[in-house]
Amino acid sequence: MMNRLRENEHITGYVFSAPFVLGFLIFTLYPILSSLYYSFTNYNLMEAPSWLGLGNYERMFTEDDKIGKSFQVTFTYVFASVPLRLIFALFVAMILNTATKAVGLYRSAFYLPSLIGGSVAVAIMWQQIFGDQGLVNSALSLFGIESSTSWIGNPSTALWTLIALSVWQFGSSMIIFLAGLKNIPKDYYEAASVDGANAVHRFFKITLPLLSPIILFNLTLQTISAFLTFTPAYIISRGEGGPLDQTLLYSLYLYRKAFSHFEMGYASALAWVMLVIVGVLTLLIFRSSTRWVHYESKGD
Amino acid sequence: MTKSGRILYHTLVGLFALCMTYPILWLAASSLKPNHEIFTTAYSLIPNKLEFSNYATGWKGFAGTTFGTFFKNSFIIVIISTIGAVVSSALVAFGLARTRFFGQKFWFACMMITMMLPHDVVIVPQYVMFANFGWISTFKPLIVPHFFGVPFFIFLIMQFIRTIPRELDEAARIDGCSKYGIFIRVVVPLIVPALITCSIFSFYWRWDDFINPLIYLNQPEKYPVSLALKLFLDGESLNNWGGMFAMATLSLLPVVIVFFIFQKYIVEGISTTGLKG
């Protein structure tokens, strides 16, 4: 009887999980394996893939002169936008944490950009704001600073407009930090104040350590998603990654190789290199976290 | 805080909030300005005269396909894939959280890995696969995969199911309920808030999705709004700034409306799971 019940539960379990199991095999596992295979081939969709061995990977590091630029641009983007966004989010969350009734209103206002920020509409808006006659130049002229160059068209500022767009969307991290701040007991701060700790001490000795697990979580997810940024770079540079490849984020480069040049084998190799980089970065963040993430259960 | 302190606080935070929302207000204001005025008084939010004609010229769309079609396409894709995503994710979440079966831990691990997996890795082979199915230039590649459970949603619903006491399942079982009965009668009514949160996020992500329509759809009459907006930046439609701003504003409207109706669920969803909104 017991056995029959258990056996039934195996079946029931698979019935419920069937969508994911099937979906995983068809839309994740099989594509990953074929992507690995394609990465060792020359494949243009028209003819069957032809085996190249490590040819694509060799080409990446010897012949491809754009990939270095793409790496440089992507790393600058990730390492500038993610920390700035998190610092901003934490700063604003701490300011709002002291507020009384209006907090809901402010929270909505700061969350709005991150709600709509990934859309094509906002990318188009950003392109116009930083254009030669856009909002930014127009606002600068009010302060007597005349600037008629497009921030998007200028190679030295183009990437920074994308970084600004990313930092502008600090709202979702801010909401997570706000929830974390609410969980810190007030008496910790009171006790510290009694002991003579000033605001700076309280921030570094109480707030930061107690928020560190949330910071770790945010840092990891945001680093991964920053690496995969595509839409704004595509829209702002009209699919080209210009000027002078300054907005050629890695995802955009991969897309161009796959769907403009139809080099599916090479694009797959690019994808695998990205997977390794994202994996290593995630690992590094987690490794380093033992030094700076504080878990309350461990005591003190 | 003292009274003057409070006034200072609200002035500064309010000003900052205004700065952060200014670009969005600017977009909406520009959609109501005549074409020649948009860039001559770019800093200003107030049009000299309200110009609703931008909405009419923008709505006309491109080569005979109006924004009516684009909005209809978006709604078809978003609604069907959201229903699929939420229903299938709820089933899987219950399976992984409340039944014991061979390989359960393994599939849970697969789900967590899929959640972290960069989408770029599967984009090429999925394209090849869907091309072999004959799905290019149809909505299928944008809809069908969502009927197989979305890891983020499975995870979120699992977290929610774990807060339901197992005694409820037991009681229902003693009353003669099967696992299926427990799922429908006991669990589903209790996880409605989680299902709403998932529906909202699915709505946002599908509505904003750009790269998938860009890859799979090549006839403008099949375009969703996100892809149609891109056409304003191409060739001959260039310079219809007013129309572009008007349609961009309109495309954000469903998202903003959903936000103000379901704010509570969104804030809770983000704070409990760290979902990116």
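## Close-up views of a predicted two-chain model

**View 1. A:Phe177 touches A:Leu86, A:Ala89, A:Leu90, A:Ala93, A:Leu211, A:Ile214, A:Ile215 and A:Asn218, leaving out residues up to four places away in sequence.** Touching, or contact, here means heavy atoms within 4.5 Å. A quick word before we go on: this is a predicted model, where local features need pLDDT of at least 70, side-chain atom pairs count only at pLDDT 80 or more, and totals for chains, interfaces and linings use all residues. Residues are numbered from 1 along each chain as its sequence is written, chains are lettered from A and ligands numbered from 1 in the order in which they are written, and side-chain values use heavy atoms, with hydrogens and water left out. Back to A:Phe177: look for it in helix H8 (residues 171-182) of chain A. Helices (H or I, at least four residues) and strands (E, at least two) are DSSP runs, numbered from the N terminus. With a relative accessible area of 1%, A:Phe177 is buried. Buried means under 20% relative accessible area, exposed means over 50%, and partly exposed is in between (1.4 Å probe, protein chains only).

**View 2. A:Ser39 sits in the loop between helix H1 (2-38) and strand S1 (41-42) of chain A.** Is this serine buried or exposed? A:Ser39 is buried, at 0% relative accessibility. Setting aside residues up to four places away in sequence, A:Ser39 touches A:Gly53, A:Asn56, A:Tyr57, A:Gly265, A:Ser268, A:Ala269 and A:Trp272. Now find A:Asn8: it is 31 residues from A:Ser39 in sequence and 43 Å from it in space, C-alpha to C-alpha.

**View 3. A:Thr247 is in another loop of chain A, between helix H11 (231-236) and helix H12 (250-259).** This threonine counts as buried too, with 1% relative accessibility. Which residues does A:Thr247 contact, apart from its neighbours within four places in sequence? They are A:Val73, A:Ala158, A:Leu159, A:Leu162, A:Ala233, A:Ser237, A:Gly241, A:Gly242 and A:Leu252.

View 4. You'll find B:Ser137 in the loop between helix H6 (120-132) and helix H7 (140-143) of chain B, where it is buried with a relative accessible area of 12%.

**View 5. Of the 182 residues in the largest nonpolar core, A:Leu96, A:Phe110, B:Phe67, B:Tyr204 and B:Leu229 touch the most other members.** Helix H14 (residues 241-273) of chain B gives the most to this core, with 14 residues. Domain 1 (1-35) and domain 2 (66-290) of chain A both give residues to the core, so it lies between them. A nonpolar core is a set of buried Ala, Val, Leu, Ile, Met, Phe, Trp, Tyr and Cys residues joined through side-chain atoms within 4.5 Å, and the domain bounds come from an automatic or database domain assignment. Zoom in on B:Phe67: not counting residues up to four places away in sequence, its contacts include B:Trp59, B:Phe62, B:Leu229 and B:Met247.

**View 6. Helix H11 (residues 192-208) of chain B has 17 residues.** At 1.5 Å a residue, the helix should span 24 Å, and its end C-alpha atoms are 24 Å apart, which agrees. That expected span is 1.5 Å times one less than the number of residues. Since 12 of the 17 residues of H11(B) are buried, this helix is largely enclosed by the rest of the structure. Among the buried ones are B:Phe201, B:Phe203, B:Tyr204 and B:Trp207.

**View 7. UniProt (unreviewed entry) annotates residues 182-205 and 241-262 of chain B, among others, as "transmembrane region".** Positions from UniProt follow the numbering used here, feature names are shortened, and annotations may be inferred rather than shown by experiment. Residues 182-205 of chain B are 96% helix and 0% strand, with end C-alpha atoms 31 Å apart. Residues 241-262 of chain B are 100% helix and 0% strand, and the end C-alpha atoms lie 32 Å apart.
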